[in-house]
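Subject: Structure handover

Hello,

Here is the structure I promised to pass on. Please open it next to this email and follow along.

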Amino acid sequence: MGLVLLGVSVLTFFIAHVVPADPVLAALGEHAREDQIRSYRHAYGLDRPVGVQYLIYVHRLLAGDFGISIRTRRPVAEDLGEFLPATVELGGTAWLVALLLGIPAGILSAIYKDRIFDHLARIGSLIGASMPVFWLGLLLLGSFYYRLRWLPGPGRLDISAIPPPPRTGLLLIDSALAGDGAVFWSALRHLVLPGLTLGLFSTAVIARMTRSAMLEVLYQDYIRTARAKGLAGARVVLRHALRNAMIPTLTIVGISFGNLLSGAVLTETVFAWPGLGRYATTSAISLDFPAVMGVTIVAAVIYTTINLVIDLLYARLDPRVRYE
Amino acid sequence: MRIRIAAVVMLVGVLLAPQAPSRAATASDTLVYVNDISDMISLDPAVAYEFSGVLVAQNLYDTLVAFEGEDLTTLKPRLAQSWRIRDGGDVWQIVFQLRPGVKFSTGRPVTAKAVAFSFDRVIALNKSPAFLFKDIGGMKEGDTIAVGSDTVVVSLPKTSSPQAFLSVLTFTVGAIVDPDEAMAHQSGSDRGEAWLRNHSAGTGPYMLDRWDPESRAVLVANPNYWGPKPRLSRVIIQHVPESSTQKFMLESGDADIAADLTPEQVLDLASKPGVMSQDGKLLQLVYVGMNVKQPPLDNVKVREAVRWSIDYDGIIRSLLRGGARKVQTIVPEGLFGFNSSAPFQQDISKAKALLAEAGVGGGFTVEMLVPTGPAPGGPKWADIAAKIQSDLAKAGIKVEIKETVQAQLLGVYRAQKGQMVMILWGPDFPDPDGNATPFSDYAAHSIAWRNQYNDTAAATLAKQAALEPDLTKRRTLYKQLTDKVLHEGPYIVLYQPTKRFGLRQNVQGFVWNPMAYAEFRTVSK
């Protein structure tokens with residue numbers, strides 16, 4: 001994992017620095033005077049060679065210091081602390097949507113192969129996988145918020161709601177800790193549409209993978225044996241087939257986290273969600289290297305951790321897999 | 001099976017059902033203003049220089065003098081009840097008499113010392129807006145002196161224009177901050193900068209209740225406000241980056257004012273119940289700069305030919321949907337000294353004749369740098385560029401469009417390396433000098449310099465006009481300058497955009513100041 005992070009930091013740092021543009025101009029704007037530009041550049045160490053800048057960066061990073069954002073002029077760690085929880089809450093919901101809808105849909109589709117449910121599920125997942133997140137978000141917002149008024153509009157809370165004192169930054173947890181039922185309910189309702197928007201792509205991918213893995217397993221000899229022993233259909237599917245079919249599905253679940261991160265940018269834009277995706281894009285457009293580095297490193301840590309957990313889960317699911 | 005089909009049909013039916021008749025509305029004492037506020041980095045008036053930060057800070061703080069509503073030509077008293085400019089020998093002295101009995105939101109009285117503290121603080125912190133005091137005003141720390149508790153004297157060098165400085169003072173940089181409150185929260189030697197980033201200590205009609213970055217800023221009425229109480233006691237500036245989402249919120253009644261709608265979306269509002277649109281003036285100019293050291297653009301006839309090739313009316317009509325004014329001189333409408341002369345409209349035979357006279361009758365190829373994203377007024381920069389490309393092609397000029405992120409484009413432009421660059425300019429302060437000097441004085445290292453336009457006569461006119469105290473003479477000087485640059489200069493001024501808002505029909509009293517902010521105290525619903 002350390003090696004991965006080192007690779008990520010080197011790559012991002014140097015890619016960010018070969019961009020032929022000046023972050024200071026982006027931060028100070030068109031009207032900035034030469035002396036302001038010079039002193040700003042010096043204050044952020046941007047007047048030193050790139051190699052030296054990198055070493056200084058890594059040295060500080062090891063002490064937990066992500067540097068100061070060129071755009072917001074605050075410590076990047078503070079910015080990340082502010083925006084990461086919103087994305088974690090959104091991503092978590094989306095993932096939950098993907099798992100709760102995708103896996104059952106895949107299983108049912110495999111069991112009822114070539115029947116109407118299977119066709120509908122396959123069409124659904126084709127649409128889900130090919131529909132642009134941005135468009136889907138506007139469609140859901142237009143239908144369930146604007147037309148039907150079943151669900152609230154953009155943002156994490158109702159406009160009149162007062163957020164609970166931040167402890168974790170996760171509104172559901174903070175409002176539960178503060179015992180504020182109204183805010184909890186508001187936060188939960190606000191999660192539905194962006195969670196669906198972000199989760200549907202992964203739902204489709206997971207459903208398709210579960211379906212094909214299940215189909216492969218369902219025709220194996222041991223399933224026929226299980227059925228021949230007279231086991232109930234549900235028990236055969238859930239205990240014998242699903243466990244074996246889960247291994248490829250798990251891989252996709254891990255990879256789909258990457259999709260969630262990239263989808264988060266667009267979902268957060270449509271739903272005015274104050275998250276890391278928006279922060280990453282705005283930072284990238286303003287060539288805010290420290291912020292881009294910070295986001296990339298945090299994303300890499302989360303991504304590798306999740307995939308590590310999934311690797312460990314393989315061993316739990318499949319006794320043949322052993323890690324020495 | 002039948003049940004499933006019925007369910008699907010019902011779902012689709014519900015989705016396509018006509019709009020529910022009853023709509024929510026925002027609370028009656030609250031204004032909800034939806035806007036993209038991702039540029040907000042600080043609400044400290046000595047630091048804020050971004051659109052959304054200035055919008056908020058203008059409502060939290062007062063300045064000594066102000067322009068009210070859309071009028072940027074008549075200075076009105078604010079915290080200063082009167083002022084006069086006197087000749088102090090080798091300096092100009094501006095003497096301000098403070099309005100008596102004004103208190104900060106903290107309850108402390110406004111004194112002359114607070115004014116000196118606030119002005120010195122801007123210079124000492126030296127953040128983005130500081131150049132307005134240091135370069136335009138020529139001020140140093142200590143140039144603002146408190147005489148007694150209610151008189152302030154600001155000394156400016158004779159090279160600075162007192163009129164231009166007074167218009168600088170209408171902007172947030174001239175806001176008066178409570179010194180005791182700021183210093184009580186000082187960390188290091190920051191004079192309270194870190195604290196004032198997301199707190200307020202001013203005399204404005206509102207105080208800052210909270211600011212959640214990338215989410216919203218909440219303003220509540222200041223109980224100590226010296227003027228008439230604001231009509232609405234709470235203003236929520238809600239961050240909504242996507243314009244379609246803004247429109248949903250406005251039509252649903254969850255927002256009272258939407259600030260970033262596209263021209264098409266504004267047109268669409270006309271057919272919707274309960275909403276309306278309103279235009280706001282802006283002082284920005286969208287223009288193309290031509291580098292006069294890049295042949296054949298060095299030939300004044302070629303530049304004139306380019307200006308005659310463009311279909312300005314078509315750009316405003318079809319791309320901006322009417323959301324702009326045809327302005328072709330370098331001082332925008334709304335400022336003193338505006339010159340309404342707009343002689344150019346597409347005339348290809350005239351353009352071709354001029355090109356032939358210049359010896360490039362066979363046409364030429366030129367590269368045009370264009371920013372990414374939307375231009376002021378709504379359309380994409382790239383779409384305007386494509387229109388210009390097709391217009392110029394008719395005259396035999398081949399334009400190669402190069403779309404570039406703005407930060408990168410500015411790097412090239414500032415290094416004098418652009419051939420043609422399409423970009424915008426908004427004055428830093430509401431005085432014609434905010435445009436005249438950058439556009440015509442090569443030595444100012446601004447726009448004229450970037451286009452290598454070095455015309456001593458133009459630069460001299462700009463300087464004379466800036467310092468001229470007699471308004472009639474000043475107007476004549478600006479007329480001479482703008483006429484000269486219109487034909488000889490390196491610019492194609494394309495249009496002056498209008499900002500278009502979507503409003504709930506019950507919203508009244510919303511006035512957009514062309515310096516790109518609104519005073520919410522006048523809004524009611």
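First, a definition: helices (H or I, at least four residues) and strands (E, at least two) are DSSP runs, numbered from the N terminus. Two strands pair if DSSP finds at least two bridges between them.

Some ground rules. This is a predicted model, where local features need pLDDT of at least 70, side-chain atom pairs count only at pLDDT 80 or more, and totals for chains, interfaces and linings use all residues. Residues are numbered from 1 along each chain as its sequence is written, and chains are lettered from A and ligands numbered from 1 in the order in which they are written.

Confidence
The model scores ipTM 0.85 and pTM 0.86. In residues 11–23 of chain B the pLDDT falls below 50. Beyond near neighbours in sequence, that stretch has eight contacts in the model. Two residues are in contact if their C-beta atoms, placed from the backbone, lie within 7 Å.

Chain A
Chain A has 13 helices and zero strands. Its C-alpha trace spans about 85 × 55 × 40 Å along the principal axes. Of its 324 residues, 41% are buried. Buried means 20 or more other C-beta atoms within 10 Å of a residue's own; exposed means 12 or fewer, and partly exposed lies in between, with C-beta atoms placed from the backbone.

Look at helix H7 (residues 133–147) and helix H9 (residues 181–218) of chain A. Their axes come within 9 Å and cross at roughly 145 degrees. Those axes are lines fitted to C-alpha atoms, for helices over the stretch in contact, and angles run from 0 to 180 degrees between N-to-C directions. Among the residues that meet are Leu140(A) and Phe144(A) in H7(A), and Leu196(A) and Phe201(A) in H9(A). The contact holds eleven nonpolar, two polar and no charged residues. Here Ala, Val, Leu, Ile, Met, Phe, Trp, Tyr, Cys and Pro count as nonpolar, Asp, Glu, Lys and Arg as charged, and the others, Gly among them, as polar.

Where the chains meet
40 residues of chain A are in contact with 37 residues of chain B. H7(A) gives the most to the side of chain A that touches chain B, with seven residues. By class, that side has 20 nonpolar, ten polar and ten charged residues.

Chain B
Strand S9 (residues 216–221) of chain B has five of its six residues buried, so it is largely enclosed by the rest of the structure. S9(B) pairs antiparallel with strand S8 (residues 206–212) of chain B over six bridges. Arg210(B) has Val218(B) as its bridge partner there. Five bridges join S9(B) to strand S10 (residues 234–239) of chain B, also antiparallel. Ala217(B) stands opposite Ile237(B) in S10(B).

The hairpin of S8(B) and S9(B) has three residues between the strands, and Glu214(B) takes a positive phi near 60 degrees. Glu214(B) is not a glycine. Is Glu214(B) buried or exposed? Glu214(B) is buried, with 23 other C-beta atoms within 10 Å.

Gln416(B) also has a positive phi near 60 degrees. Gln416(B) is partly exposed, with 13 other C-beta atoms within 10 Å.

Finally, a cis peptide bond joins Pro295(B) and Pro296(B), with omega about 0 degrees.

Best wishes

Technical notes:
pLDDT is the predictor's confidence in each residue, from 0 to 100.
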